Amino acid sequence: MEEKRAASVKIEDKIDSIVKRHADKRGAAIPILQDIQKELGYIPKFALYRISQLTGINSSDLFGIVTFYSQFRLKPIGEVLIQVCHGTACHLAGADEIASALCRAAGITEGETGPDGKITVEKVACLGCCSLAPVITVNGETHGRMTQEKAKELIKEIKKMPRD
Amino acid sequence: MYLKTIKVGLASCGIAAGASKVFDYLESNLPKEKTKLMKTGCIGMCFKEPLVEINDETGTFIYGSVDVKKAERIVKEHILQGNPIKEWIVYSSTFETEESKYLKKQHRILLKNSGKIDPENINSYLEAGGYKGLEKAVAMTPADVILEIEKAGLRGRGGAGFPTHIKWKLTREAHGTPKYIICNADEGDPGAFMDRSVLESDPHSVLEGMAIAAYAIGAEKGYVYIRAEYPLAIKRLRIAIEQARKKGFLGKGIFNGNFTFDVEIREGAGAFVCGEETALMASIEGHRGMPRFKPPFPAQKGLWGKPTCINNVETLAAAARILSEGADVFSSCGTEKSKGTKIFALAGKVKRGGLIEVPMGTTIREIVFDIGGGISTQKAFKAVQTGGPSGGCIPASMADITVDYEALKSAGAIMGSGGLIVMDEDTCMVDVARFFLKFTTSESCGKCTFCRIGTYQMLKILDRICSGQGEPGDLERLQDLGEKIIKGSLCGLGQTAPNPVLTTLKYFREEYEAHVYEKRCPAGKCIELIEYRISAEKCIGCGLCAKKCPANAVEGEKNHPYRINIKKCIKCGICSETCRFDAVETVSKGMPAGLNGGEGSSWRQ
């Protein structure tokens, strides 16, 4: 319990300092939310109230922003985030099959994180590496010319990785 | 001993293909006294990434598909002994290669520096004549700058093709201060990567173009609104802004005059509709990106109610070139109404995909066959899709159409920002239309009823058609809904969302009819209308597919032909991907074995 409280205090400090960093910026709501997600991996609900307190922006407006833009998440993600590009070239090259192969191997459904909190697979809009289609990113690192076989191997490797 | 310059293409595509490892290898293994190693942006031949270019007194040589192992031999034989390894060279100034045709038909004005300079070093841009355009501009009157852009005939490269000089003039003449210039780098079209490449390879040209535009319209502050999905472009742009500030190309008293200008980056948060200018401004202001009614136009009431000019990345880069090299460079090529060149992101089922720049008026056929080298698969060329989800599909029979704003529009497609996706006979046009509509449906901001509900209903109909549940009257309903959505939507997203469906209905109607009336997918793509079979004649009984099948649906024993248990099959296609003997065939669901088997395209009567 104590530990949990200490952790949440720390998170609040982080949120406060992020808001402060954008203090003199006009229309700062989105950059603030982006920085919080960069820091925490997602946007906890209480962050919306905290930002609201500090900036005077309505928390309902903040919620509206978070749910409008596809970049924002209200739930934590796994240690390894795999993004499957669903641009046109990737679609033609079989992005759906790659996504299914990844999910099948990881034993999860798209957009969800498994109970072990290790892997999240999500669809994203075009990553702009069309000539290497189909493309995925693994914690930001791009892998091109994917096949279902490579997808299976990748998940195997991730599962073998020791936890932090 | 002469000096060799070695450049490694380190844009996103190159890095994804493994160029960083090659660069690291070269960095520690090149003889430092005889060579100069450079990072550069997109060399353009994406189909051969990673690319390494070697320049010396004997000429230019570009190596393709380089990995560390190849790099080892290149260092040893070419760099140290002076013997180029011809079979790996994709382009050379001294001899012809098959791939060099890719560059031959292009005309590189905007991409002049791309893959030549170091994007993270301002001196590299200055050596290539950088910021000369801005220097010239600030010595002219703003009206003369706008006149120069008018003479060049520059039209907006974001898709709609609005004359740039009119936009600048309107913003200049509008009352109210401060004024703003915004660079629209929210390149959300799936299948387009021109803006990303320009920003990753030549970021200063965009900053220079922005500064010129700011001077012309009387703005002191600019924003670059860029997709968060482009981390490398953002990083290089940040570096470029820092360097430009230090050198005095941004900030107070630029070129010792009265002109003051600075730039701020705003990262888009993943909403396609923010490519629309009023939605983009709402997003910068910190709101949901929802378009509003025009007028008032941004030139009158834009960001925070002030006069604002919004230009696309490519437009601004073009403005920098026009000012530095003169309007003629631009206006001397292109067609009567569409001047200059256009960058396309050539991708899909084409042999040589990549970033290309061609004069306006080039035909689709020239792009696909002369530059792209034709279709990458064994199948026939079927169509190209331009303009992403706002554009349309142009069938192979119309491939002699030229790329200019008017010609593409008359075909029902649009120029768009420049995504050009090539499709072969294995591509199901109904599925393609559904793909784009799925995208626009989820990206509709929800403001206009027709766009919000209409696209959803169209998608439902397409889902039905693709799963074999299509009904008579569906095609007419699609047409009717599509036309109404165009009329009933406020912004470009809704007004163009039906285009992919309407153009495919126009040019590929028989394919829709096959889905609706015969419940078959001629291209063999729609999962619910197909089955996988193993040809008993072709199967040698190696059992590889059975081993790889994730659903244990392939049954049989070694050295005898295998079979697929349809009840277990999840149609992932891994068997067909793994079979080395082409024994796995895609057939229409419910067809007796041996009938109508074989490849998708052969079913077309």
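I'll start with a loop in chain B: B:Pro50 sits between strand S2 (35-40) and strand S3 (52-56). Keep in mind that this is a predicted model. The peptide bond leading from B:Glu49 into B:Pro50 is cis, and its omega is near -10°. Another cis bond runs from B:Thr177 to B:Pro178, with omega near -5°. B:Pro178 is also in a loop, the one between helix H8 (164-173) and strand S6 (180-185) of chain B.

Why mention these? Most peptide bonds are trans, and most residues other than glycine have a negative phi.

B:Asn256 is not a glycine, yet its phi is positive, near 60°. B:Asn256 is found in the loop that connects helix H11 (231-247) with S8 of chain B. Is B:Asn256 buried or exposed? With 8 other C-beta atoms within 10 Å, B:Asn256 is exposed, because 12 or fewer is the cut-off for that class. B:Lys519 has a positive phi too, near 55°. Its loop lies between helix H22 (509-517) and strand S15 (530-534) of chain B. B:Lys519 has 18 other C-beta atoms within 10 Å and counts as partly exposed.

Next, a sheet in chain B. Four strands make an open sheet, ordered S8-S7-S6-S9, with parallel pairing. Strand S8 (262-268) and strand S9 (308-312) of chain B are at the edges; each has a single partner strand, so one side of each has no neighbour in the sheet. On average, neighbouring strands in this sheet are turned by 20° against each other, direction ignored. Strand S7 (residues 221-227) of chain B pairs with S8(B) over seven bridges, in the parallel sense. As one example, B:Lys221 has B:Asp262 in S8(B) as its bridge partner.

Now chain A. Seven helices and four strands make up its secondary structure, and along the sequence they follow the pattern α-α-α-α-β-α-α-β-β-β-α. Chain A has 164 residues, of which 41% count as buried. Its C-alpha atoms fill a box of roughly 50 × 35 × 20 Å along the principal axes.

Last, where the chains meet.

Conventions:
Residues numbered from 1 in each chain as written. Chains lettered and ligands numbered in written order. Predicted model: local features only at pLDDT ≥ 70, side-chain atom pairs only at ≥ 80, totals over all residues. Helix = DSSP H or I, 4+ residues; strand = E, 2+ residues; numbered from the N terminus. Buried ≥ 20, exposed ≤ 12 C-beta atoms within 10 Å, placed from the backbone. Pairing = 2+ DSSP bridges. Axes fitted to C-alpha atoms, helices over the stretch in contact; angles between N-to-C directions.
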